[in-house]
Amino acid sequence: MPVFKLIRAVTKPFILLAEKLFNKPPIIREPMVQQAIDRETANMAIYEYRGCPFCMLTRRALYRLNIRIELRDALNNDEYKTELVEGGGKNQVPCLRIMHEDQKDTWMYESRDIINLLEEKYGRDKAA
């Protein structure tokens with residue numbers, strides 16, 4: 001077993017446990033505001049690995065910001081991995097894909113950049 005797979009296998013349960021134990025409560029919005037955000041985020045997807053600590057940070061931000069973005073497991077799903085590499089240009093997670101009507105998708109890597117974008121667009125001061 002390659003070293004990284006071994007490390008991932010050992011750390012994954014702890015990462016998932018920490019995600020469950022330390023999540024902050026989600027933002028509660030008026031139903032109409034939440035529905036508008038849900039429509040806006042329907043054209044987004046996050047490519048991830050469940051045991052990746054950077055992906056965990058991104059998932060925690062999604063939970064806290066109460067945003068529903070499709071999560072795509074690029075480790076265990078070959079179709080998603082191919083989309084990630086061919087569309088985004090590299091096999092790195094987390095990656096936020098924003099699908100545009102003109103078929104020119106935006107691919108954003110780096111958990112901190114993704115979280116900052118989501119905070120800016122959907123953070124507490126944007127919720128009302």
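How many disulfides does the count come to? By the rule used here, which takes a disulfide to be a pair of cysteine sulfur atoms within 2.5 Å, the count is zero. Please note that this is a predicted model, in which local features need pLDDT of at least 70, side-chain atom pairs count only at pLDDT 80 or more, and totals for chains, interfaces and linings use all residues. Residues are numbered from 1 along each chain as its sequence is written, and side-chain values use heavy atoms, leaving out hydrogens and water.

Let me stay with the cysteines. A disulfide is a covalent bond between the sulfur atoms of two cysteines. Cys52 is in no disulfide, and its nearest cysteine sulfur, that of Cys55, lies 3.4 Å away. Cys55 is likewise in no disulfide. Cys52 has a relative accessible area of 12% and is therefore buried; buried means under 20%, exposed over 50%, and partly exposed in between, with a 1.4 Å probe and protein chains only. Cys55, at 1%, also counts as buried.

I turn now to the helices, which are DSSP runs of H or I with at least four residues, while strands are runs of E with at least two, numbered from the N terminus. The loop between α3 (53-65) and β2 (70-73) holds Asn66, which is buried at 17% relative accessible area. Leaving aside neighbours within four places in sequence, Asn66 is in contact with Pro26, Ile27, Arg29 and Gln34, where contact means heavy atoms within 4.5 Å.

Finally, just after α4, Gly89 takes a positive phi of about 100°.
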